[in-house]
Amino acid sequence: MGGQENGSFPEPSGVKNTIPSMKGEGFYDRNSRVQEQFILSSQDLLEEAVDAVPIAGPVGLADLGCSEGKNSLMLMRRLTEMVRQRSREPITVTHNDLPGNNWNGFFRNLTPYGAFVQASATSFFQPIVAPNSLHIATCYSSVHWLSQVPELPEPAGVLHARMNPESQALLAEQAARDWEAFLQARAQELVPGGWLVLVSGGNKDGDVAGLKMYALLDRILQELGHPPFVMPIYYRSEQEIREPLERCGFQLQHFRIQHLTTPFAEQLKQDGDRAQYARATTGFVRAWMEPLLADPRIYQRMEEEMEADPEGTEVANVQIVAAFSKK
Ligand SMILES: C[S@@+](CC[C@H](N)C(=O)[O-])C[C@H]1O[C@@H](n2cnc3c(N)ncnc32)[C@H](O)[C@@H]1O
């Protein structure tokens, strides 16, 4: 870790992020109402974080995994307004994502909002701002993305939860290393008493985000004769989230697991329009999956199957909503 302790520029960790970013050109922004809903569902934790953090000078905020910015800018605009109720000090906001993110789109979306806004194109598994400079860090729908996929013996499924035990264990180890690296990086950046607010896909007794959709995907890939593919995603359990906290200098302030349907499923209940439901749900999936699995036939079939059987293929979301304070 070398220079990080004395506040100089962090040295490369040696971990290459092999994950591509979301589908760009505004596609993610247009198809991320589900993720927007997750942000809105954690308002109580944001309020508590703003009340709890010690503020005695300029304020640092960061959003990790900002994508093209529609949701991230909405979130950080709100958070800035909330902090403004407490303090007249200057506020700096860092929006962070991978180098391959659609940063042009992000900056096109950016209109001034009462903070010094900057962007960081560094993996969040490393520090992204100077030590001791952040009061609140947020991370929405992003930390379940792994830094890399280890080599797996015949995984036999796209998602960890549908794999053989050996592959599951190897992905769990990778996810544990990544979560610890993420926390270590935030521990350096946050001031004592600073908060991390996080929403991520989760695992409740084996029930994970989008399980039926992944079963459908496995079937489609098999029918298309697609070579084996492993999704670089891992949905953690409460135990896996809790395990390194103490060691990394964090205290758990809140933890809940929520089950949310999508706005499209709610709309379907109102209007019964299956075609529209299937189009919107497939759009949501394509926004993050297409950079990894580009074959258009996958999504054509997905849409057809979702229209034919909305319940059997639904994208039910098992979400971790949590907040941690730095000791
Ligand atoms: C599903 S999007 C969520 C975007 C936004 N937070 C929202 O709620 O709409 C996940 C984002 O995490 C980013 N991401 C994944 N791994 C990352 C990493 N190691 N460092 C920074 N960003 C990462 C992806 O590039 C992507 O933009």
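Modeller: Buried residues, those with 20 or more other C-beta atoms (placed from the backbone) within 10 Å of their own, make up 45% of the 327 residues in the chain. A residue is exposed if that count is 12 or fewer, and partly exposed in between. Please note that this is a predicted model, in which local features need pLDDT of at least 70, side-chain atom pairs count only at pLDDT 80 or more, and totals for chains, interfaces and linings use all residues. Residues are numbered from 1 along each chain as its sequence is written.

Colleague: How many helices and strands does the chain have?

Modeller: Helices (H or I, at least four residues) and strands (E, at least two) are DSSP runs, numbered from the N terminus. The chain has 11 helices and nine strands.

Colleague: Which residues of helix H3 are buried?

Modeller: An α-helix has 3.6 residues a turn, so residues three or four places apart point the same way. In H3 (residues 43-52), the buried residues are Leu-45, Leu-46, Ala-49 and Val-50. They lie on the same side of H3, because they cover an arc of only 135 degrees around the axis (the arc of the directions from the helix axis to the C-beta atoms). On the other side of H3, the exposed residues are Gln-43, Asp-44, Glu-47 and Asp-51.

Colleague: What covers the buried residues of H3?

Modeller: Contact is the test here: two residues are in contact if their C-beta atoms, placed from the backbone, lie within 7 Å. The cover of the buried residues of H3 includes helix H4 (70-84), and strand S9 (317-326) is also among the covering elements.

Colleague: What span should helix H6 have?

Modeller: The expected span of a helix is 1.5 Å times one less than its number of residues. For the 25 residues of H6 (residues 165-189) this gives 36 Å, and the end C-alpha atoms are 36 Å apart, which agrees.

Colleague: Is the phi of Ser-67 positive or negative?

Modeller: Most residues other than glycine have a negative phi. Ser-67, although not a glycine, has a positive phi of about 50 degrees. Ser-67 lies in the loop between strand S1 (59-64) and H4, and is buried, with 28 other C-beta atoms within 10 Å.

Colleague: Where does Asn-132 lie?

Modeller: Asn-132 lies in the loop between strand S3 (116-120) and S4. Asn-132 has a positive phi of about 60 degrees, but counts as partly exposed, with 14 C-beta neighbours inside 10 Å.
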